[in-house]
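Please read these notes with the structure open beside you, and look up each place as it is named.

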Amino acid sequence: MPGADRDWWRQAAVYQVYPRSFADANGDGIGDLRGITSRVPYLVELGVDAVWLSPFYPSALADGGYDVDDYRDVDPRLGTLDDFDELVAALHAAGIRMIVDIVPNHSSDRHEWFREALASPRGSAARDRYLFRDGEGPDASEPPSDWTSMFGGSAWEPVGDGQFYLHLFAREQPDLNWGNREVRDDFLTTLRFWSDRGVDGFRVDVAHALAKDLTYPLRSHAELEADKLAGDGAHPLWDREELDEIYAEWRAVFDEYDPPRTAVAEAWVEPHRRARYAAPTSLGQAFNFDLLRAAFGAESFREVVARNLELTRGTGSSNTWVLSNHDVVRHATRYALPDDASDDGAVAREWLLAGGDPAALDPERGLRRARAASLFLLALPGSAYLYQGEELGLPEVAEIPDADRQDPTFFRNAGVDVGRDGCRVPLPWTASGGAFGFGPDGSTASHLPQPDWFASFAVGAESDDPGSTLSMYRAALDLRRRLQGAEELEWVDTGSPDVLAFRRPGGWTVVTNFGPSPAPLPAWAVGREVLLASGPSVSLAEVAGETTVWLR
Ligand code: GLC
Ligand code: CA
């Protein structure tokens, strides 16, 4: 949207679309770009400011599309470049921006560069675009080091001629060599390619991994793990200083456009390192996953918010808040778990798969707390990143048969981690009908199986119910737009350790009772107008347990 407000991103509500699971226009069971275009009216009614589109590029789907064959094209199963242009035009016409996911740390093993590398000899220019190293041992059959991939197993894959290539993720995701000028330039071309097509911003996948130091001798896995949290920019694989230089080049490209293109870093780094990625001279914003990992409680939420406001102050960036995305157990389910298992996505997945007793899940409590946490988040200063389906209060799907699973996390960690498919099941649009309305009329196809209980979370079931989670999100996003002012927050005393309250400029006041039982409203809040509540029982004098209210 040319000439538009250059600060639009600072407090935007950004809705993540996982394209293969959002809406399927042609009935093959895979969500597609036309499907998204057909649902733009839904996004308008929901009231989001931007869409973040997870990878839609040609891919063998070894990792849900984060294994990219060609950075400047559309997966034919999802549509064409023309379909992409139509989607952007439809979103822009509705006043919604478009952020696309970019995956610079690794390509897929089907990318033309990687094929060329395999066909070329050791030491060739083609191999230098990736991270090939000689094997160890008398016949070079041992990997260069004992490093493990993020999805389990060795991070090195042999190619049959004594060399191995590095893959921090799946074997089908060879890491690119960011010390190579051609690699850097090609990504600048890609950034311009999508920016020229009208894309407003980028979500940068594993932004903290691009720069690497593979100087010999390579240190052991145990040494690297011990060092991981040092946060001093000297780890050979993660969060290195040279990233600043890479992203400064990206920034120069973003600034060629009006308004400048934006970016948000996915960087799982120590909180104090986040500002490097979020600097105006770098990507501009970085995800803060602290709320996503925090236990549901007044103390932990307050600590996370206060620390992040402090870290962001004076950096030129704005805050980012996240409770769910395509990599973690949905928050309605995390909060339904026993408290010791609820604070971390991986712990929750292991719990669900292994020792966890499903009878210990309390879905009603999970939903109640999810709604309270979401309403708390939506009132914070900064950007809110929402994941498709959370506006329906959708829980994680635990009951996916092994034969239907797709996530490499599941395959590389047999019996330990069930993987991320449970939050990627196609959305239910209608309570009845094939695939719950995911596809066109008459289609029953869905690339991951949907459980029967999806019916009660369908858009159609929730749309006209004023008490539904969808109605709460719509009301919240609408109010948020109108109430939002300066990026400031002032804590207000509540006299209760379970109750948090803060005020935004203009008198917008938020009270969350994290405790299980009703708490009296602080005296200063009694008699105020209740704008919105996450639960039904709000009297003028108290807040129900695990409930957020917005007051004025
Ligand atoms: C990011 C993505 C995740 C993907 C990984 C490798 O963490 O969010 O889905 O598996 O990067 O690209
Ligand atoms: Ca389709």
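The points below treat a metal site and then a sheet with its helices.

1. This is a predicted model, in which local features need pLDDT of at least 70, side-chain atom pairs count only at pLDDT 80 or more, and totals for chains, interfaces and linings use all residues. Residues are numbered from 1 along each chain as its sequence is written, ligands are numbered from 1 in the order in which they are written, and side-chain values use heavy atoms, without hydrogens and water.

2. The calcium ion (ligand 2) is coordinated at 2.3 Å by Asp-24 (OD), Asn-26 (OD1), Asp-28 (OD), Ile-30 (O) and Asp-32 (OD), and these donor residues follow the spacing D-x1-N-x1-D-x1-I-x1-D in sequence. Donors are N, O and S atoms within 2.8 Å of the metal (3.2 Å for Na, K and Ca), and because water is not among the atoms, sites may look incomplete.

3. Five strands, in the order β12-β13-β14-β18-β16, form an open sheet with antiparallel pairing. Because β12 (490–491) and β16 (530–533) each have a single partner strand, they stand at the edges. Strands (E, at least two residues) and helices (H or I, at least four) are DSSP runs, numbered from the N terminus, and two strands pair if DSSP finds at least two bridges between them.

4. Helix α10 (residues 298–312) packs on the sheet, touching β12 and β13 (499–504), and its direction makes about 30° with that of β13. Contact means heavy atoms within 4.5 Å, while axes are lines fitted to C-alpha atoms, for helices over the stretch in contact, with angles from 0 to 180 degrees between N-to-C directions.
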